[in-house]
Amino acid sequence: KIRTWFHADLAFLSQGYLDNSARYIERYSRPIGDYPFGMFSVVASPTPTGFGMPSLTYLGRDVIRLPFIRATSLGHEVLHNWLGNGIQPDWASGNWSEGLTTFLADYAYKEDESADAAREMRLGWLRDLAAVPPGEDTALRDFTSRRHGISSIVGYDKSAMVFLMLRDAIGREAFERGLRLLWEGKRFKTAAWSDLEAAFAQAAGRPLRSFFRQWVERPGS
């Protein structure tokens, strides 16, 4: 069941949100595994908030009106039902879910658009990371949630770039196998960065210790 819970003045937007939600659920069920809940709801909030919880996303009514939300943020929140809610990060060892979701949603939509659009997003990530003052960067394993600009740059943008680098290193087919292995092994459980390393290493058929040590356990670029 896919539902919208909108104020009356937003009712005209409901069908578009229903259609797009169904499309995202189908999109991510194919490479990862079946959608893990019996429903998905988009709930309108009177305040300018944006939260993703198991089986629903809670969005400000003014945010819902924005024409680009269905093509960007909605898919990001749908995907969190697999990555973040279907599998929860082991918070003590870092939050990998925002970077992986950004890579498979926000960046993937740019790849769908064009090679130039994807390149511009990558350049934006690199510019932001280059602007982080020396000594204020942190390792990915130290990111848990977005608290300020630098934590967002590290936990979302740098993390997404690392997953892009991982896909380039092991190949798209092995990367997608790794996603399925992660889902099969950790569905409705917690997963640490080490669990992601194990799943992708198994899919690639080779150790990935040096890659994860460099890009997850150490700060800097």
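At what angle do helix α1 (residues 14–29) and helix α4 (residues 97–113) pack, and how far apart are their axes? In this predicted model, the two helices meet at an angle of about 95°, and their axes lie 13 Å apart. Because angles of 65 to 115 degrees count as roughly perpendicular, α1 is described as roughly perpendicular to α4. On the side of α1 the contact is made by Tyr24, Arg27 and Tyr28, while α4 contributes Leu104, Ala105, Ala108, Tyr109 and Asp112. Sorted by class, this contact of α1 with α4 has six nonpolar residues, two charged residues and no polar ones.

| Strand | Partner strand | Bridges | Direction |
|---|---|---|---|
| β2 (residues 40–45) | β4 (residues 56–60) | five | parallel |
| β3 (residues 50–53) | β4 | four | antiparallel |

Within the pairing of β2 with β4, Ser45 has Gly60 of β4 as its bridge partner. Within the pairing of β3 with β4, Met53 has Leu56 of β4 as its bridge partner. The strands β3 and β4 form a hairpin with two residues between them, and Ser55, which lies in the turn, has a positive phi of about 75°.

The loop between β2 and β3 holds Thr47, which is partly exposed, with a relative accessible area of 40%. The side chain of Thr47 is joined to that of Ser45 by a polar contact of 2.9 Å. The C-alpha atoms of Thr47 and Val63 are separated by 9.5 Å, although these residues are 16 residues apart along the chain.

Methods
Residues are numbered from 1 along each chain as its sequence is written. This is a predicted model: local features need pLDDT of at least 70, side-chain atom pairs count only at pLDDT 80 or more; totals for chains, interfaces and linings use all residues. Side-chain values use heavy atoms; hydrogens and water are left out. Two strands pair if DSSP finds at least two bridges between them. Buried means under 20% relative accessible area, exposed over 50%, partly exposed in between (1.4 Å probe, protein chains only). A polar contact is a pair of N or O atoms within 3.5 Å; within protein, one must be able to donate a hydrogen and the other to accept it, and residues adjacent in sequence count only if both atoms are side-chain atoms. Axes are lines fitted to C-alpha atoms, for helices over the stretch in contact, and angles run from 0 to 180 degrees between N-to-C directions. Angles under 35 degrees count as roughly parallel, over 145 as roughly antiparallel, 65 to 115 as roughly perpendicular and the rest as oblique. Contact means heavy atoms within 4.5 Å. Ala, Val, Leu, Ile, Met, Phe, Trp, Tyr, Cys and Pro count as nonpolar, Asp, Glu, Lys and Arg as charged, and the others, Gly among them, as polar.
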